[in-house]
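I set out to record the backbone details and the sheet of this chain. The entries follow the order in which I looked them up.

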Amino acid sequence: MQTLSAFDSRLADVAGVSVANSTEIHGGDGAGLPMLVVENALGRAELTLQGAHLTSFVPAGGHDLLWLSPKATFVPGKAVRGGIPLCLPWFGGHPEGKPAHGFARNHTWTLVGAEALADGTTRVTLELLPSDATRALWPDDFVARLAVTVGGSLTLALRFEHRGDHEVPFSSAFHTYFAVPDVAQADIEGLDGCTFINTVGGANTRQPQQGTLRLDGPTDRVYLDVPAVQAIRTAQGTTRIESDTRSAVVWNPAEFALNIADVGDAYRHFVCVERGDVFDDALPLAAGGVYEKWLTLSLA
Ligand code: TA6
């Protein structure tokens, strides 16, 4: 069973932050993954140190805003299906065939801070530094940090510091899987008028969104230059998404999910609305450049 290092354990000795292994929470064979449980009177969240990956967020008195696949596995080196994988330092496929969505989501981050704040929220901060494995994919030095604040809302504040001496291409996304009772009945607001790139089946067509979005089959769209706020309305309630990033990717594979081992027919119960800076909205990082963006999720 994988556990936190002594250093991590000491930092986690803060009211409202406890450590666990995924096998204790989600079962499964094998060593599992170390996890943090962050809980206070306002809300509760779970995350794996691998990927600094949120797998659950429940505001007090509410339901889990995040979808975790019932077929999710907690295996070292493999991204967990559901929650909020961090796509970093590139989003989607890589021109040289490196792993899709970067390496941040399947490397282990270190807990470097845990604080109970005066407003009743709890913040944990995780850090990813270069290793031989990351250097094979991204030769430059970097410091990646994610501060996770848990209360009645959930805020992720990401900072990626490029320590190289030359400009590098960079894109990033909070690849959030939202829990919905039925994806075919979920209304996504806050994209009206935005241009989207339809990438389903390798297509690459552009058109404007008209009104509310309701998915009616396999969907993979990159919305550009979107407003700060989106909402997902379902019979269960309304989830509010706010971010200072520029793009929103909407994804659900529908029946194609039957070919994805850790999704299958559970695709009906999630929709990804991924805020980030991708495609035309992505900007290269100059030598010594810093990328800082945040995402806040809440029940409206
Ligand atoms: O963000 C949408 C997307 O890029 C889709 O094209 C789909 O591949 C999805 O992410 C999941 O990717 P993953 O590598 O996690 O299986």
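I placed P89 in the loop between strand 5 (86–87) and strand 6 (110–116); helices (H or I, at least four residues) and strands (E, at least two) are DSSP runs, numbered from the N terminus. I noted that the peptide bond from L88 to P89 is cis, with omega near 0°.

I recorded that this is a predicted model, in which local features need pLDDT of at least 70 and side-chain atom pairs count only at pLDDT 80 or more, while totals for chains, interfaces and linings use all residues. Residues are numbered from 1 along each chain as its sequence is written, and side-chain values use heavy atoms, with hydrogens and water left out.

I looked up H101 in the loop between strand 5 and strand 6. Its phi is positive, about 65°, although H101 is not a glycine. H101 counts as buried because its relative accessibility is 13% (buried means under 20% relative accessible area, exposed over 50%, partly exposed in between, with a 1.4 Å probe and protein chains only).

I then turned to A52, in the loop between strand 3 and strand 4. A52 is not a glycine, yet has a positive phi of about 45°. At 0% relative accessibility, A52 counts as buried.

I traced six bridges between strand 3 (residues 43–48) and strand 4, which run antiparallel; two strands pair if DSSP finds at least two bridges between them. A45 has F57 in strand 4 as its bridge partner.

I found an open sheet of four strands in the order 1-2-3-4, with antiparallel pairing. Strand 1 (17–21) and strand 4 (53–59) stand at the edges with a single partner strand each, so one side of each is left without a neighbour in the sheet.
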